[in-house]
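Please read the points below alongside the sequence and the coordinates. They concern a predicted model, and they are grouped by topic.

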Amino acid sequence: MGLIPKVVLLVLAMVAVLMVLIVISSPIVLVEEGGLCFLALSSEFGTDWQVGERVPLSGSGTEWVINHREPVYESDIEQESRFSPANRYLKWGLRSILHLPLIAKGKVIGSFIVASRQPNAYSQRHIKLLEQ
């Protein structure tokens with residue numbers, strides 16, 4: 001089984017977990033050619049991102065998880081955000097953003113992003129559950 005089918009199976013497992021969480025948006029991005037490519041995109045609002053679209057890696061939460069190999073959670077991006085897409089997320093009404101590393105063969109290949117319109121939407125318990 002290739003890398004992409006394994007990622008898809010991982011995503012399906014994560015979707016089952018997300019059904020119990022407050023999730024408005026959940027894109028999956030993979031690192032490709034020095035940027036990020038949207039592999040999958042689920043959203044309750046109209047984003048201007050499309051599956052297959054490539055965006056810059058630099059300054060993103062995915063860049064952070066690649067470098068640190070662990071999740072990064074911004075509990076309220078209206079109050080503070082470290083990453084470049086924050087203005088876009090705020091435009092869509094999102095407040096909480098969680099980036100989780102996707103790891104294959106010991107290498108971070110992208111991230112699974114979970115977002116909510118509610119500030120402080122996710123607890124450490126949610127994060128640990130999604131890390132599995």
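His99 lies in strand 5, which spans residues 96-104, and this histidine counts as buried because its relative accessibility is 3%, where the cut-off for a buried residue is under 20%.

**Surroundings of His99**
- Leaving aside residues up to four places away in sequence, His99 is in contact with Gly61, Thr62, Val65, Pro71, Val72, Tyr89, Ser111, Phe112 and Ile113.

**Strand 6 and its partners**
- Strand 6 (residues 107-116) has 9 of its 10 residues buried, and it is therefore largely enclosed by the rest of the structure.
- Strand 5 pairs with strand 6 in the antiparallel sense over 9 bridges, and within strand 6 it is Val108 that stands opposite Ile103.
- The hairpin formed by strand 5 and strand 6 has 2 residues between the strands, and Lys105 in this hairpin adopts a positive phi near 55 degrees.
- Strand 1 (residues 28-32) also runs antiparallel to strand 6, to which it is joined by 3 bridges, with Leu30 standing opposite Gly110 of strand 6.

**The two sides of helix 4**
- In helix 4 (residues 124-131), the buried residues are His126, Ile127 and Leu130, and these lie on the same side of the helix because they cover an arc of only 100 degrees around its axis.
- Gln124, Arg125 and Lys128, by contrast, are exposed on the other side of helix 4.

How values were computed
Residues are numbered from 1 along each chain as its sequence is written. This is a predicted model: local features need pLDDT of at least 70, side-chain atom pairs count only at pLDDT 80 or more; totals for chains, interfaces and linings use all residues. Side-chain values use heavy atoms; hydrogens and water are left out. Buried means under 20% relative accessible area, exposed over 50%, partly exposed in between (1.4 Å probe, protein chains only). Helices (H or I, at least four residues) and strands (E, at least two) are DSSP runs, numbered from the N terminus. The arc is that of the directions from the helix axis to the C-beta atoms. Contact means heavy atoms within 4.5 Å. Two strands pair if DSSP finds at least two bridges between them.
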